[in-house]
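Please look over the structure shown here before reading on. The notes below are meant to be read alongside it, one region at a time.

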Amino acid sequence: MCDKENNDKNMTYALKQAQEAFNCGEVPIGAIVVAADGTVIGRGYNKVETTKCQSEHAELIAIRDACNKIGDWRLSDCSMYVTLEPCLMCFGLIGLSRIKTVYFGAKSPLFGAQSGLKDNGAIYSKGLTVHGGLKESECIAILRLFFGQARYERGGCETKACIPRNCQETAPEEKRGDN
């Protein structure tokens with residue numbers, strides 16, 4: 001398989017992790033760690049709400065899983081695939097774990113650290129390569145669906161109009177008692 005096919009396959013697996021988060025009521029972000037031979041050695045999805053702990057990001061969980069699997073904290077020559085651009089905390093952990101390459105789907109204008117990493121790259125990692133935009137539209141779609149549904153369920157809008165049009169066919173049935 002060529003790199004593009006491998007990258008697409010790996011990001012699809014990270015998207016499956018994001019779907020698990022979605023199914024659990026968590027912000028749908030998924031991550032996997034892939035060894036140099038192409039084997040997935042770590043996986044994770046956001047568990048911030050479930051654990052009531054802000055540090056339980058998908059990246060941290062995937063790194064912990066990978067370290068447990070290989071019995072070492074050094075993830076040299078590994079790659080990470082994550083559906084949303086990692087935050088500063090996660091980029092710090094990625095660098096400390098010696099991950100070689102990060103592929104992310106959607107940019108995170110609020111919390112993403114890629115621009116901060118460019119300014120402070122030496123602090124976090126030597127030679128960390130970052131690639132964004134992989135399966136970006138799919139990564140954005142699941143986030144939009146999640147936040148659209150959350151606004152609707154909180155009563156933040158009167159109809160399903162706040163759920164993106166291309167996601168309304170999968171939106172929950174009307175839950176408001178004023179039918």
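## Overall architecture

The structure is a predicted model, and its chain has 6 helices and 5 strands. Read from the N terminus, these elements follow the order α-β-β-α-α-β-α-β-α-β-α.

Of the 179 residues in the chain, 47% are buried. When contacts between residues at least 6 apart in sequence are considered, 52% of them join residues that are at least 24 apart.

## The helix α1

With its 21 residues, α1 spans 30 Å from its first C-alpha to its last, which is close to the 30 Å expected at 1.5 Å a residue. The buried residues of this helix are Asn-7, Asn-10, Met-11, Ala-14, Leu-15, Gln-17, Ala-18, Ala-21 and Phe-22. Viewed down the axis of α1, these buried residues fall within an arc of 155°, so they line one face of the helix.

On the other side of α1, Lys-16 and Asn-23 are exposed. Just after the helix comes Gly-25, which adopts a positive phi of about 80°.

## The largest pocket

The largest pocket has a volume of about 610 Å³, and 24 residues form its lining, with Val-27, Ile-29, Leu-84, Ser-108 and Phe-111 lying nearest its centre. Of the elements, α6 gives the most, with 4 residues.

By class, the lining of the largest pocket is made up of 13 nonpolar, 5 polar and 6 charged residues.

## The second largest pocket

The second largest pocket has a volume of about 310 Å³, and it is lined by 16 residues, of which Ala-35, Ala-36, Ser-79, Tyr-81 and Tyr-103 lie nearest its centre. The elements that give two or more residues to this lining are α1 (3–23), β3 (79–84) and β4 (101–106).

The helix α1, already described for its buried face, supplies the largest share of the lining of the second largest pocket, namely 5 residues. In terms of class, the residues lining this pocket divide into 6 nonpolar, 6 polar and 4 charged.

## A buried histidine in a loop

His-57 is placed in the loop between α2 (48–51) and α3 (58–70). Its relative accessibility is 13%, and because residues under 20% are classed as buried, His-57 counts as buried.

Which residues does His-57 contact, leaving aside its neighbours within four places in sequence? They are Asn-46, Val-48, Cys-87, Met-89 and Cys-90.

Most residues other than glycine have a negative phi. Asp-77 is not a glycine, yet it has a positive phi of about 65°. This residue lies in the loop between α3 and β3, and at 47% relative accessibility Asp-77 counts as partly exposed.

Lys-135 likewise has a positive phi, of about 50°, although it is not a glycine. Its place is in the loop between β5 (129–131) and α6, and with a relative accessible area of 22%, Lys-135 is partly exposed.

Conventions. Residues numbered from 1 in each chain as written. Predicted model: local features only at pLDDT ≥ 70, side-chain atom pairs only at ≥ 80, totals over all residues. Heavy atoms only, no water. Buried < 20%, exposed > 50% of the residue type's maximum accessible area, 1.4 Å probe, protein only. Contact = heavy atoms within 4.5 Å. 1 Å grid on protein atoms, 1.4 Å probe; cavity = no way out; pocket = protein on both sides within 12 Å on 5 of 7 lines; lining within 4 Å. Points joined across faces, edges and corners; volume = space filled by probe spheres on them. Nonpolar A, V, L, I, M, F, W, Y, C, P; charged D, E, K, R; others polar. Expected span 1.5 Å × (residues − 1). Arc of directions from axis to C-beta.
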